[in-house]
Amino acid sequence: MKKISTIIILSFLSFGVWAQNFPPINYGFRLGLTATPTIGWVKPEQGKTDGVGLGFSYGLIGDFNFAPNYSFSTALTVTSINGKSTEANAAPYHSGTVPVAYDLKYKLQYIEVPLTIKLKTIKAEGKRWYGQFGLSNSFNISAKQDAKNGNATVADNLKISDYTKFYRAGLIIGGGGEFDISGNASILAGLTYNNGFTNITTDKSRDVRNHYLALNFGIFF
């Protein structure tokens, strides 16, 4: 948790330095809550994707508005990224020299701190549309896995934290809309694609990456 706190603090300090390059005009800060279903999958370099997994993300969202239609958007969420794959010689199950294929189900949970730019249209009749692009920073807090070799169960909900990298980076692209409901409150709805581009395993002989689609729902206050 100390590593997570340090990285989160450094991320926000970096934004503070970046924000100094813009004129000191206050366009407002918005804080909200999000609860989002996710559809995840795993893509091994040596092996194949074997199905998607449903997950969930929840936590805080925030928009720092530095211009009328532009925001620095971030969040602090707990996000599940699940998925299935078939991989050869997967640790910690494989031993020996004969190649063995395993059917794996990943069940991973992260604390996510995205750093993105949100581009918004002009508000009309209480609604506006936005596009979003940026970096996903994820810190693993739970890693479990089911494994099968043919019809034989090799592992059931096995903890694989020692075989899972702590940090995951991803590219975020998405869009959606914000809709006023009462006073300053508004509802957010959209779709986000999170493309992981770092290896999620500590096994140097394997390269596995995970990705997910999020059906974004939230409320700003």
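The legends below describe close-up views of a predicted model. Local features need pLDDT of at least 70, side-chain atom pairs count only at pLDDT 80 or more, and totals for chains, interfaces and linings use all residues. Residues are numbered from 1 along each chain as its sequence is written, and side-chain values use heavy atoms, without hydrogens or water.

**View 1. T192 in strand β9.**
T192 belongs to β9, residues 185–196. Strands (E, at least two residues) and helices (H or I, at least four) are DSSP runs numbered from the N terminus. T192 counts as buried because its relative accessibility is 11%. Buried means under 20% relative accessible area, exposed over 50%, and partly exposed in between, with a 1.4 Å probe and protein chains only. Beyond four places in sequence, T192 is in contact (heavy atoms within 4.5 Å) with I172, I173, G174, Y212, L213, A214 and N216.

**View 2. G28 in the loop between α1 and β1.**
Helix α1 covers 2–19. G28 is partly exposed, with a relative accessible area of 24%. G28 and N65 are 37 residues apart in sequence, yet their C-alpha atoms are 5.6 Å apart. Neighbours within four places aside, G28 is in contact with D63, F64 and N65.

**View 3. The largest nonpolar core.**
A nonpolar core is a set of buried Ala, Val, Leu, Ile, Met, Phe, Trp, Tyr and Cys residues joined through side-chain atoms within 4.5 Å. Strands β4 (101–112), β6 (127–149) and β10 (208–220) each supply at least two residues. The largest share, five residues, comes from β4. Beyond four places in sequence, L108 touches residues including T79, I81, N140, A143, T164, I200 and N210. Another core, of five residues, lies apart from it; A75, Y130, L188 and F220 are among its members.

**View 4. L33 in strand β1.**
L33 is partly exposed, with a relative accessible area of 44%. Strand β1 spans residues 29–44.
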